[in-house]
Amino acid sequence: MSLDQASTKPHERLAAALSDEMDAVNTLIRERMASEHAPRIPEVTAHLVEAGGKRLRPMMTLASAKMCGYDGPYHVHLAATVEFIHTATLLHDDVVDESEQRRGRPTANLLWDNTSSVLVGDYLFARSFQLMTETGSLDVLRILSNAAATIAEGEVLQLTAARDLATDEGIYLKVVRGKTAALFSAAMEVGGVIAGRDAGLVKALFDYGDALGIGFQIVDDLLDYAGTDATGKNIGDDFRERKLTLPVIKAVAKADDEERAFWVRTIEKGRQEDGDLDHALDLMAKHDTLEATRQDALAWMDTAKAALDPLPDHDIKTMLLDLADYVVARVR
């Protein structure tokens, strides 16, 4: 999901405020993605890691630790860990989805092969666990290992739920919590843990990341049907790929027999014809599901901002509040 199109860019302000720490994270990432015996590992990893992503997740760890007054070295290790977990999941996702592009570049599985992508992803997961253990914190290990398991669980759930019209909003939320929100919440949570903050503040950080991640994914799913060329989304890709995302789930829930037959044919059975996307959009308009999805995204961002109330005033806190507004700026 791109964050480039709104008028202000709090993630850039966050990057500037954390520039020294992010430089240290990038140095550590380059060091730890090296391999003496398998040069393909740094080749594949560098292709994705250095592709111009915003590093939002590791920045969230650094921001959380800094906001909590941490002055040790291990927030850098944790930020690199979060980025390695994220990169590993992207490598695996591109194989599963048979993707050919990511961040405007050919995917690693296209440039090399599926086997290389899967094995390098495994290597990055292993590296992430090495970095976790270097902090000496069992709580950190528990949080990030649980997040890695939740991400995998969410992806497997999506395999069975994505084209099943029985998928409801509760199942969708489980998928989103797995594939997106789990790493956001863990990235925030470990920053507070490494800083030694109390359980209440750590829970507040977790809740912010959880709500931000859910809203982040809902916005992305909404823009697949309600975006413009300026948002960088190709309208209808999720429909063509037969993915049951929130706008369609809401439309299916309100469908009459004829409308349900349409969704069965196009999503469950994959027999799509010319004009089906337009008809899908008409059905979503009829039941006002795009607006309902937009309201859900806004509500999750309100939840994210409210979660930070227990945190003391800090420039970083202001940027995180602005980030929540920024994510939903394109659907207001």
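Is glutamate 291 buried, exposed or partly exposed? Glutamate 291 counts as partly exposed, because its relative accessibility is 29% and that class runs between 20% and 50%. This is a predicted model.

**Salt bridges**

The structure holds 18 salt bridges. Glutamate 291 takes part in one of them, with arginine 294. Both residues lie in helix 15. They sit three residues apart, about one turn of the helix.

Aspartate 276 and arginine 265 also meet through their side chains in a salt bridge. Aspartate 276 belongs to helix 14 (residues 276-286), and arginine 265 to helix 13 (residues 257-268). The pair therefore ties together parts that are eleven residues apart in sequence. Aspartate 276 is buried, at 5% relative accessible area. Arginine 265 is buried too, at 18%.

Lysine 9 pairs with glutamate 12. Lysine 9 is partly exposed, with a relative accessible area of 28%. Glutamate 12 is partly exposed as well, at 44%.

| Salt bridge | Closest N to O distance |
|---|---|
| Lysine 9 and glutamate 12 | 4.0 Å |
| Glutamate 291 and arginine 294 | 2.9 Å |

Salt bridges also form a network that links Glu169, Lys250 and Asp296.

**The nonpolar core**

The largest nonpolar core has 99 residues. Within this core, Tyr208, Leu212, Trp263 and Leu320 touch the most other members. Helix 10 (residues 199-226) gives the most to the core: 13 residues.

What does tyrosine 208 contact, leaving aside its neighbours within four places in sequence? The partners are Met60, Met188, Ala304, Ala307, Leu308, Leu320, Leu323 and Ala324.

**Helix 10 and helix 12**

The axes of helix 10 and helix 12 (residues 246-253) come within 8 Å. They cross at roughly 75 degrees. The two helices are therefore roughly perpendicular to each other. Helix 10 brings Ile218, Asp221, Leu222 and Tyr225 to the contact. Helix 12 brings Leu246, Pro247 and Val248. By class, this contact has six nonpolar residues, one charged residue and no polar ones.

**Tryptophan 300**

Tryptophan 300 lies in helix 15 (residues 289-307). Not counting residues up to four places away in sequence, tryptophan 300 touches Leu173, Arg177, Ala211, Ile214, Gly215 and Ile218. How far apart are tryptophan 300 and valine 176 in sequence and in space? They are 124 residues apart in sequence and 13 Å apart in space, C-alpha to C-alpha.

Technical notes. Residues numbered from 1 in each chain as written. Predicted model: local features only at pLDDT ≥ 70, side-chain atom pairs only at ≥ 80, totals over all residues. Heavy atoms only, no water. Core = buried A, V, L, I, M, F, W, Y, C linked by side-chain atoms within 4.5 Å. Buried < 20%, exposed > 50% of the residue type's maximum accessible area, 1.4 Å probe, protein only. Helix = DSSP H or I, 4+ residues; strand = E, 2+ residues; numbered from the N terminus. Contact = heavy atoms within 4.5 Å. Axes fitted to C-alpha atoms, helices over the stretch in contact; angles between N-to-C directions. Parallel < 35°, antiparallel > 145°, perpendicular 65-115°, else oblique. Nonpolar A, V, L, I, M, F, W, Y, C, P; charged D, E, K, R; others polar.
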